[in-house]
Amino acid sequence: MSRTGARVERQPLARYTTLGVGGESEVWFVETHEQLAEAMEAPYRILGGGSNLVVSDMGVPERVIRLSGPLAERDLTPDPALSTPDLIVTGWVGGGAPLPGLLRALQKLGWSGLEGTVGIPGQVGGSVWMNAGTRFGEMFDGLHTIEIVTPDGVRQITPDDLDWGYRQSGIPRNHIVTRVRLKLRPSTPEAVLEKMDQADQARKGQPKNKTPGCAFKNPGGVSAGKLIDEAGLKGTQVGNARIAPEHGNFIVNLGGATAADVHALLDLIRERVGVPLELEYELWPEHLGG
Ligand code: EPU
């Protein structure tokens, strides 16, 4: 336990990443702003749902912060002061809340706005931080207020305060999205479900193995997967990691893959695809090389 009562444990990060790769690190499970402030007293990183993340086989030397307890809960009660008949502004949704569960709850309520993010396995905070999305929509479609904790304290901002865009929020790396208020439109459970199904349909051809999601951003709106496919790289394997035969922009863990295997595939893709590709994954640490 830390001074303020946060649970602190050394754990393999492979347990927390959708790729199933990552060495042992010191994980801080923080439940309050006070515990978060303590965790931020030394170098730290923030772990969301562990999708879109490739962690070194050696782990990382920094504290790894995971939002838990109340910071992973959601209050979807409409705020009467901010809501109108055409717009629902919710209570606070914790950065540690899983996105899939949130979407199921919104669908049942018949509230529209975030359907395009269906199928993303992340947590709310991380999904906001990278503006996760699909062709059908993104996190910033449904955000009213964002609470961020910076090394200087807590701030509440709106999307207009940020320079956000495709797969980026403009929120600096060391700032933590602790809670958000959502902005949604009243619809029906059936209509929301239909939109979610449509977005889900586009994922049908994606691999089912352990994967961080798409490796590279789409350069200038062109599918990076298509470019990797055209370079003849689908199915290429290094160690126990493979470029998915189903979709070129996915690297999958066949079981027992290492971060070094994944980095080797990323290098190969960059070398073979004739267009500069920007990585969508977060790398821990940031330099290439396992
Ligand atoms: N295509 C190929 N070969 C491939 C992959 C794709 O020919 O190996 C073709 C497809 O046949 C299709 C076109 O490229 O004609 C576009 O493919 P897809 O519909 O899969 O879309 P994408 O642009 O490759 C984007 C997002 C995905 C999201 C899908 C569906 C990015 C980098 N990718 O992929 O998001 O799931 O649309 O909405 O923006 C992610 O961000 O992690 C992610 C997986």
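Arg-135 is exposed, because its relative accessible area is 74% and exposed means over 50%, buried under 20% and partly exposed in between, with a 1.4 Å probe and protein chains only. The model is predicted: local features need pLDDT of at least 70, side-chain atom pairs count only at pLDDT 80 or more, and totals for chains, interfaces and linings use all residues. Residues are numbered from 1 along each chain as its sequence is written, and side-chain values use heavy atoms, with hydrogens and water left out.

- Arg-135 sits in the loop between strand E8 (133-134) and strand E9 (137-138); strands (E, at least two residues) and helices (H or I, at least four) are DSSP runs numbered from the N terminus.
- Thr-117 lies 18 residues from Arg-135 in sequence, and the C-alpha atoms of the two are 9.0 Å apart in space.

**Salt bridges**

- The whole structure contains 14 salt bridges, each being a side-chain nitrogen of Lys or Arg within 4 Å of a carboxyl oxygen of Asp or Glu.
- Side chains of opposite charge can pair when their charged atoms come close.
- Arg-45 and Glu-62 form a salt bridge through their side chains, at 2.9 Å from N to O. This pair links distant parts of the chain, 17 residues apart: Arg-45 belongs to strand E3 (residues 44-46), and Glu-62 to the loop between strand E4 (53-55) and strand E5 (63-67). Arg-45 is classed as buried because its relative accessible area is 10%.
- In the salt bridge between Arg-173 and Glu-282, the closest N and O atoms are 2.6 Å apart. The two residues are 109 apart and link distant parts of the chain, with Arg-173 in the loop between strand E11 (153-157) and strand E12 (176-186) and Glu-282 in strand E16 (residues 282-284). Arg-173 is partly exposed, with a relative accessible area of 48%, whereas Glu-282 is buried at 17%.
- Lys-217 and Glu-278 are joined by a side-chain salt bridge of 3.2 Å, N to O. Here too distant parts of the chain are linked, 61 residues apart: Lys-217 lies in the loop between helix H4 (189-201) and helix H5 (224-230), and Glu-278 in the loop between helix H6 (259-272) and E16. Lys-217 counts as buried because its relative accessibility is 13%, while Glu-278 is partly exposed at 49%.
- A network of salt bridges connects Arg-3, Glu-38 and Glu-41.

**Ligand shell**

- The ligand is surrounded by 21 residues, of which the closest are Tyr-166, Cys-214, Asn-218, Asp-229 and Glu-280; a residue is near the ligand if one of its heavy atoms lies within 4 Å of it.
- By class, this shell holds 5 nonpolar, 9 polar and 7 charged residues. Nonpolar covers Ala, Val, Leu, Ile, Met, Phe, Trp, Tyr, Cys and Pro, charged covers Asp, Glu, Lys and Arg, and polar covers the others, Gly among them.
- Helix H5 supplies the largest share of the shell, 3 residues.
- Domain 2 (73-201) and domain 3 (219-284) each contribute at least three residues to the shell, the bounds coming from an automatic or database domain assignment.
- Oxygen atoms of the ligand lie 2.8 Å from a polar side-chain atom of Gln-206 and 3.4 Å from a polar side-chain atom of Lys-234. A polar backbone atom of Gly-248 is 2.8 Å from an oxygen atom of the ligand.
- Taken alone the ligand exposes 820 Å², and the protein buries 77% of that, with areas from the Shrake-Rupley method.

**Backbone geometry**

- Most residues other than glycine have a negative phi, and most peptide bonds are trans.
- Trp-284 and Pro-285 are joined by a cis peptide bond, with omega about -10 degrees. Pro-285 is in the segment after E16.
- Asn-131, although not a glycine, has a positive phi of about 45 degrees. Asn-131 lies in the loop between helix H3 (124-129) and E8, and its relative accessible area of 0% makes it buried.
- Arg-167 is likewise not a glycine and has a positive phi of about 55 degrees. The loop between E11 and E12 contains Arg-167, which counts as buried at 14% relative accessibility.

How values were computed. A polar contact is a pair of N or O atoms within 3.5 Å; within protein, one must be able to donate a hydrogen and the other to accept it, and residues adjacent in sequence count only if both atoms are side-chain atoms. Accessible areas come from the Shrake-Rupley method with a 1.4 Å probe; for residues, only the protein chains shown count as cover.
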